[in-house]
Amino acid sequence: MQLTGAEIVIRCLQEEGVEYVFGYPGGAVLNIYDELFKQERVKHVLVRHEQGAVHAADGYSRSSTKIGVALVTSGPGVTNSVTGIATAYMDSIPMVVLTGQVPTHAIGQDAFQECDTVGITRPCVKHNFLVKDVRELATTIKKAFYLAGTGRPGPVLVDIPKDVTQAKADFVYPKTVALRSYNPVTRGHAGQIKKAVQLLLDAKRPMVYAGGGVILSNAAPQLTRLTRLLGFPCTNTLMGLGAFPGTDPQFTGMLGMHGTFESNMAMQNCDVLLAVGARFDDRVIGNPQHFFRADRKIIHVDIDPSSISKRVKVDVPIVGYVSEVLDEMLKLIESSAERPNAAALKSWWGEIKDWQRRDCLKYDTSSELIKPQYVVQKLYEMTDGEAFVTSDVGQHQMWVAQYYKFDKPRRWINSGGLGTMGFGLPAAMGVQLVNPQATVACVTGEASIQMCIQELSTCKQYHLPIKIVNLNNRYMGMVRQWQEFFYGNRYAESYMDALPDFVKLAEAYGHVGLKIEKPGDVEGALAEALRQKQRLVFLDFITDQTENVFPMIPGGKGLTEMILAEEL
Amino acid sequence: MRHILSILAENESGALSRISGLFSARGYNIDSLTVAPTEDPTMSRFTIVTVGSDDVIEQITKQLNKLVEVVKVVDLTDGDHIERELMLVKVRAAGKDRDEMKRLADIFRGRILDVTDRSYTIELTGTGVKLDAFLQSIEPGVILETVRTGASGIGRGERILRI
């Protein structure tokens, strides 16, 4: 039987087992929406701005092992989505974005709501397609899901002209995809893995540095087993938090620009570094020249060959799925009688413990003002470390990374690569939908939250009981911090004057709002929010305006050139 | 260092923009780029001449390989290879220049494709260096127009690039 293109789109989504599509209708996708309307298997979540749709699909994907799907119309629908797509691309999040396009005969005519979608999104997608023939629609959508979820994951966009959604074709959903030009290596090279294992066993000052790739590869259990088996210290990147349990004594905290003193010192001073699913980016190792000054052997496991030896030359590159490579490593170590030199390891841990004694995350707990760190710490304690936490971008994001100890992967949802303000709330919607029973908190700031505030309306419509923790310091905090440190206290445009009354705002959207101004009220407010299981609660914490994030590596400096709170 | 990259890619509309876009987005140089379908019409072959350190060339190669439409990438300059470029040059050929121009074309094994009483159009094939040498050997004022294809290249002997 012949189906229309619009019917085919819906059938494809059903075949892929898609539960939710996040989207916003418009002229070019009306046929698809009409078909969505006629069925119940694929549920649609109507956002209030297309950026929110893509972030929600992203949060859905990050907090599960499923592929998020967004559906938007042509022209402005697409351009509004670009921030969301670029966010997912930078963090390698599997996602399929379906976009409407003007009819094929109108393409290139500057038609109403026309834009060059494939051209605009080309640099920020893993791949994209323009479907000009309805007979290619099903195979293209199949390819999109396959490409999004395999190899180094990423967003894949399918642009569908309106006439293609009307035209008819036989529907056959392909079971498999074969692309002669796309065959990601999944298993690591056996010889390289052997070499790596020997290096690890011979190490005297080892360090494990794990990133978002471990989470994407669902390899947290393997990483944890390997690290515990060897007794090595382990650090996680911002994207990797939860890949190794945050409460494990072998965990040294996050590393990088706002990482712990001990993690950064150990990174610099180790003799063998096992880098897994991480990419030595500028926020992680700071100045690469400074990093090279110390001599160490580096093993780098990553699915993407272009991530290896990009910023830092490595000694043992291993290309493959992190999970498969770690499985092989574990097999070799478990079947060998050899173990790392216990005495050397003991003395290395001694050094690390000395660094830990600096207590670099210490903050003033006697203040009469609410310290943002305290709010995060209380949130951690009162949710037993079990919440899904999304964030926006800035100081609050770093404080969650430092003070909320994630024991499990896929619980910490933030925009690490692109650093997208406005990500937190819509991402939390996706997280809550795929984890309906879980506590989902969105830790944000008064600047970030206003970038996608309209999604409060979506939360109302779909009864999403997100707990918004607004660390309100009346400044774009991280911008203000840089201006204080590097721009002679000239706070150019980083002050938020004329803020809304967030309590009234939350209430206007039909939610609960609470304003908290004293440290003594923090716990009670969080308890109240957690008690209201069915309601979205907006907690507006009026925090210390001038609190800074420490430790901090200034831009262009090396890992060990940190500024600590105690030094100021 | 100058490198010649040969790329086999799906003969699809987006491939060229994806490949050229990669170079501009990541700040790599393109000295020249040529592309045409191969004997298999579903496949295109690109030849890109670029300049960069070994590290940069390694990154370019890896990034190209990552593109979904790219099937294979080879750095021809890694081994023995043949490199050719085609140039068409229209020169003023009047008076005493006319004989001189003919002689010069012969010396460089060029062919005169089109003749008017005032001009010659000369076809010249060779390495880029040879084409440069030809242009340098004639007076700049005599050159009316040039068009060059950019380098194409192929490995010598048993070095074969195919899928």
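Biologist: How many residues of chain B are in contact with chain A, and how many of chain A with chain B?

Modeller: The model is predicted. In it, 16 residues of chain B touch 13 residues of chain A.

Biologist: Which elements of chain B give two or more residues to that side?

Modeller: They are α1 (13–25), α2 (54–66) and β4 (70–75) of chain B. By residue class, the side of chain B that touches chain A has 5 nonpolar, 5 polar and 6 charged residues.

Biologist: Why is helix α16 of chain A described as largely enclosed by the rest of the structure?

Modeller: A residue counts as buried when 20 or more other C-beta atoms lie within 10 Å of its own. In α16 (residues 372–382) of chain A, 8 of the 11 residues are buried, so the helix is largely enclosed. Those buried include A:Tyr374, A:Val375, A:Val376, A:Leu379 and A:Tyr380.

Biologist: What covers the buried residues of α16(A)?

Modeller: The cover includes the helices α17 (395–403) and α22 (522–531) of chain A, together with the strands β17 (440–445), β18 (467–472) and β20 (537–542) of that chain. Just after α16(A), A:Asp384 has a positive phi of about 55°.

Biologist: Where is A:Ala111 placed?

Modeller: A:Ala111 sits in the loop between β5 (95–101) and α5 (117–121) of chain A. It has 16 other C-beta atoms within 10 Å, so it is partly exposed. Apart from neighbours within four places in sequence, A:Ala111 is in contact with A:Val102 and A:Ala106.

Biologist: How far apart in space are A:Ala111 and A:Asn414?

Modeller: Their C-alpha atoms are 37 Å apart, and 303 residues separate A:Ala111 and A:Asn414 in sequence.

Notes
Residues numbered from 1 in each chain as written. Chains lettered and ligands numbered in written order. Predicted model: local features only at pLDDT ≥ 70, side-chain atom pairs only at ≥ 80, totals over all residues. Contact = placed C-beta atoms within 7 Å. Helix = DSSP H or I, 4+ residues; strand = E, 2+ residues; numbered from the N terminus. Nonpolar A, V, L, I, M, F, W, Y, C, P; charged D, E, K, R; others polar. Buried ≥ 20, exposed ≤ 12 C-beta atoms within 10 Å, placed from the backbone.
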